[in-house]
Amino acid sequence: MKLHHLLLLLSLAVVGRAQTELVKLEPIDGFAAETVAGSVILVAGGMGMPISTTHAITAAITGVGATKRISAVRWGVTTQIMFAWILTLPAAAALSGGF
């Protein structure tokens with residue numbers, strides 16, 4: 001399996017986890033999260049800024065859940081996702097140094 005295939009599978013796993021474990025979403029909540037994430041991606045892309053779609057949708061899902069009530073968000077899952085994001089850059093640097 002090539003590295004980009006592995007990264008694709010991992011990003012799909014993060015988004016899938018966010019949609020099922022992070023916050024329980026109703027259809028209208030999902031629409032709101034997708035709209036916000038899409039808007040952020042378009043604005044950042046228009047300004048020439050690199051942006052992660054996975055980060056944008058996960059943050060939007062968290063935001064929608066938090067607007068319902070703060071306790072609607074499973075903060076333990078949120079912490080695990082954020083920890084994985086923090087480890088991404090050093091892990092990518094370590095892997096790229098070996099090739």
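Biologist: At what angle do the axes of helix α3 (residues 53-68) and helix α4 (residues 75-97) cross?

Modeller: In this predicted model, where local features need pLDDT of at least 70 and side-chain atom pairs count only at pLDDT 80 or more, these axes come within 12 Å and cross at roughly 160°. Residues are numbered from 1 along each chain as its sequence is written, and side-chain values use heavy atoms, with hydrogens and water left out. Axes are lines fitted to C-alpha atoms, for helices over the stretch in contact, and angles run from 0 to 180 degrees between N-to-C directions.

Biologist: Why are α3 and α4 called roughly antiparallel?

Modeller: Angles over 145 degrees count as roughly antiparallel, under 35 as roughly parallel, 65 to 115 as roughly perpendicular and the rest as oblique; the crossing is at roughly 160°, and α3 and α4 are therefore roughly antiparallel to each other.

Biologist: Which residues make the contact of α3 with α4?

Modeller: With contact meaning heavy atoms within 4.5 Å, Thr54, His55, Thr58 and Thr62 in α3 meet Trp75, Ile81 and Trp85 in α4. These residues divide into three nonpolar, four polar and no charged, where Ala, Val, Leu, Ile, Met, Phe, Trp, Tyr, Cys and Pro count as nonpolar, Asp, Glu, Lys and Arg as charged, and the others, Gly among them, as polar.

Biologist: What makes α2 and α3 oblique to each other?

Modeller: Helix α2 (residues 27-46) packs against α3 at an angle of about 135°, with the axes 8 Å apart, and α2 and α3 are therefore oblique to each other. The residues of their contact divide into 10 nonpolar, one polar and three charged.

How values were computed. Helices (H or I, at least four residues) and strands (E, at least two) are DSSP runs, numbered from the N terminus.
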